[in-house]
Amino acid sequence: MLHKCVKIIIFLSTTLVFTGLAYSFYSGKLALPEAAPPVGWQTSVKQGNSVLLQFYKNEAAIVLDHCNTQKALYMGTMIVYTDTAFMDGSEPLVYHGNEIQYGYVTSAVFLNAPKPHIGIVIDGMAFTLLPSTLTWKRAAGVVTSVSHMSALQCCFTTQDKYIAELNSLVLLYKIGSLFGEQEVYVSYDGGFTYTIFYVASTTMQILGGIYRLPVSGNTVALVQDEQYNFYFRNTENWATSQLSESFPLRDPLYMLEVILVAGLRGHLIVWSPQMLLYSPHDGTVLVPVSEFGHEDSAVPPPDVIVKRVTTAGNGAIAVVTSDGGLYYGRLGLKAVVVKFPTNILEKFGLYPDRVMYFDEYTDLVFLEPMFDQHENRVNFRHSHVHVQQQLTQTSAPVISCPVERFSGDFDGKLFYIDKGDSLKLSLDYVPTPNCPFFPVVTLTNADALHTEELIVMDGTTPDGYKTFIMKIGVKLSTAAEADIEEKGLVTISVDLMEREVSCNNVNPQKVHVMMACPPGKHIRVMRNSTACTRGTFTPEQLNNFTYTIPKEVYDPDLLFRPNKAERDLTVKYSYFHHICPLLVYYDMPWRPTFELWDGDTFVEVVKADFVMYEAHGMHNYKYLQTAKTAKCVSQPQDWISMLQKTPYSAWSKQNYRSCKDYNGPPLTNPDAEYQVLSQNSRNKIVFSNYNGMYLFTAVVVDPHYSFCTLTTTFSVYVYGAFPKRILPYGVLCAIFFAILTALLLIGYLRQQNILTKVLRT
């Protein structure tokens, strides 16, 4: 019965005249009806608790999974999910439950975290869909009506926390509403739960969308002002940061579409029926898309409207206009499109149910659904437009590509760059003689990274063309080096300057640079001498080793206060975690040496400032230097003043202040212990007269050394101390002198006895 209703819906939707969308004007603003179907559409069929889903607009749309070209959503009079690039038939999506009434979908996005799924807005409510099992779940925390969902897809396989955060962040909002009269929501778990997203705004601005921009780390809002202009603004610094100049709206705000072009290059497309704009950098600049050969003419032409726009991750863009015009171009420093000879209106027709997208070869695919009522499945007809073939037939002559080779050893890769690090990239470039194009390097955040380029001749090809190598050096900017916090993601692109639509098969070479802690970077303690190599312990002994810490030498609250423990502490040694302890003689000032490693690769000996604490609260050790002998100019920090929380988080690179800083607090106690250690200083630890095991945790606190939180725990066995005195010192001295006196007396008497015997003889 359901498939017959679906057939009726398809028939009616293709014959109904579009009289309006799901919006209306009221008091000068746009409002989405709370519980009514879009005007001009047939109400979706509901049987029991099952509702057939359909798109709220009369023009079909396609939502692509940028991380998997086989996955997509077709959104029209039916919503169809595919994981075979629409090569196999699929059943229309049906929502099973009592929460929705009409089944109108206003927005959908593919999400990667915590696992691949789809976020979707139905009848003003947010849901998640797990396609593999068709499991639906309504999002928690959303208490008002919403219309649109925005998210990013980062397709890297790394489990970096920044990438995970980007993939997990979802923004949820209702377009066409005044900021003061609606809630904006944010999810940090992939759209399963939401909280209020506080946006600095003025009440007279109408929301057109909110987007996360990974390359700049900003969340920007598209807004309409009272003069019917729109622009992008930073949501965190609303009062002073305007990301783009205002641009007049030519259509109602709800018709404005924003495409975050895949590839993380910061490209945006903003379009409506009467407008097509391009931003090469996160919306900071918006320029019209011009036609090749007619650079003074913008697309669309007069009296023509835009019907379809699609983009690809390599920068390709295609536009279909109402007169059947098909335009193609490549997004770079500017957007120029060439008009193809094929008229889409004549070739395929401009039916509302047809969608357009780029396939994996960057050829255009026009997709048309065909419903099979017997099997209750939707099949799709694929019609192709071969881009390269069309380029050779354009009326505006497109020159053949004068570049033989253009490839980098870095294309599509993700690199990490830490403080003090640098990257070396290489690109092969082989132009033909008189080639007008040359490589140019662009960055999505030039304030964070600095690049240096050098092009050198490398030889000739068998055809006699000169070959060149472009060497690119990348390092952090001075400002990024000085910043404590990680700076996030930057995309570096190398493209051919001024090529416009030529060299269609030559893709820009791009590399993604994460200004953050490399996942494998860590520190290790240098193990020159251990208790195992010196024969004090064997691994077998340490496997079952238990030791006791006397109550006099530890603080159970880890505040390093003497005489706070009420009982001795018994500790079971973990050989698995700590291996063999370092062996240290008690009477020798000591300081550990740490090595910096990136995975299994040794980097260097750590010379940055670090601090240490004993994991069980042992405090029977001191430091060799004082603030005075360390030549401090301000009062140094110490554990007692820093310990507001657990030692692990109490003293870190976030709150560290060097005592060599003249801007620090005055030096009021020059005799205070200096508790910061470094390979570049003379400060060391001095142990008391005690034999036993210590478990130290070291934390690198120098904020300029690395983005990483560098810490490690290691064990130390101190030996050579004299046995502990059982009696007080005075009693021991008295006993000693008594014994000495007795020995002297015995010796004297013995001598007298010997002398008496001699005299008698």
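Okay, Cys-503: at 4% relative accessibility, this one counts as buried. Keep in mind that we're looking at a predicted model. So what is Cys-503 joined to? The partner is Cys-401, in a disulfide with an S to S distance of 2.0 Å. About the S-S bond we get 95°, and the link is right-handed. As for where the two ends sit, Cys-401 is in the loop between α4 (387-391) and β35 (403-408), and Cys-503 is in the loop between β41 and β42 (509-515). That means the pair ties together parts that are 102 residues apart in sequence.

Staying around there for a second, there's also Cys-435. Why isn't the sulfur of Cys-435 in a bond with the closest cysteine sulfur? That closest sulfur belongs to Cys-503, and at 6.8 Å it's too far for a bond. Cys-435 is buried too, with a relative accessible area of 18%.

Let's go to the next link. Cys-517 and Cys-708 form a disulfide with their sulfur atoms 2.0 Å apart. This link is right-handed, with 100° about the S-S bond. Cys-517 lies in the loop between β42 and β43, and Cys-708 in the loop between β52 and β53 (711-719), so this pair ties together parts that are 191 residues apart in sequence. Cys-517 is buried, at a relative accessible area of 18%, and Cys-708 is buried at 3%.

Then there's Cys-632 with Cys-659, where the sulfur atoms are 2.2 Å apart. Left-handed or right-handed, this one? The torsion about the S-S bond is about -65°, so it's left-handed. Cys-632 is in the loop between β50 (621-623) and α8 (639-642), while Cys-659 is in the loop between α9 (647-650) and β51 (685-687), and the two are 27 residues apart. Cys-632 has a relative accessible area of 8%, which makes it buried, and Cys-659 counts as buried at 2%.

How many disulfides does a search of the whole structure find? It finds 5. If you number the bonded cysteines in sequence order, the pairing reads 1-2, 3-4, 5-10, 6-7, 8-9. Cys-154 is in no disulfide, and the nearest cysteine sulfur, that of Cys-155, is 7.3 Å away. Cys-154 counts as buried, at 1% relative accessibility.

Right, on to the salt bridges. The structure holds 16 of them, and I'll pick out a few. One is Arg-265 with Asp-495, side chain to side chain, at 4.0 Å from N to O. Arg-265 sits in the loop between β22 (257-260) and β23 (268-272), Asp-495 is in strand β41 (residues 488-496), and the two are 230 residues apart. Are these ends buried or exposed? Arg-265 counts as buried at 9% relative accessibility, and Asp-495 is buried with a relative accessible area of 11%.

Another one is Asp-418 with Lys-521, at 3.1 Å from N to O. Asp-418 lies in the loop between β36 (414-416) and β37 (422-431), and Lys-521 in strand β43 (residues 521-525), so that bridge ties together parts that are 103 residues apart in sequence. Asp-418 and Lys-521 are both buried.

For a contrast in setting, take Lys-487 and Asp-483. They form a salt bridge with the closest N and O atoms 3.2 Å apart. Lys-487 is partly exposed, with a relative accessible area of 35%, and Asp-483 is partly exposed at 27%. There's a network of salt bridges as well, linking Glu-59, Lys-307 and Arg-308.

In soluble globular proteins, nonpolar side chains tend to be buried together. Here, the largest nonpolar core has 91 residues, and Trp-590 and Phe-714 are the ones with the most contacts inside it. Which strand gives the most to this core? That's β52 (residues 692-700), with 6 residues. Leaving aside residues up to four places away in sequence, Trp-590 touches a number of others, including Leu-582, Met-612, Phe-687, Phe-696 and Phe-714. Apart from that core lies another one, of 34 residues, with Val-184, Tyr-231, Leu-256 and Met-275 among them.

Definitions and conventions: Residues are numbered from 1 along each chain as its sequence is written. This is a predicted model: local features need pLDDT of at least 70, side-chain atom pairs count only at pLDDT 80 or more; totals for chains, interfaces and linings use all residues. Side-chain values use heavy atoms; hydrogens and water are left out. Helices (H or I, at least four residues) and strands (E, at least two) are DSSP runs, numbered from the N terminus. Buried means under 20% relative accessible area, exposed over 50%, partly exposed in between (1.4 Å probe, protein chains only). A nonpolar core is a set of buried Ala, Val, Leu, Ile, Met, Phe, Trp, Tyr and Cys residues joined through side-chain atoms within 4.5 Å. Contact means heavy atoms within 4.5 Å. A disulfide is a pair of cysteine sulfur atoms within 2.5 Å.
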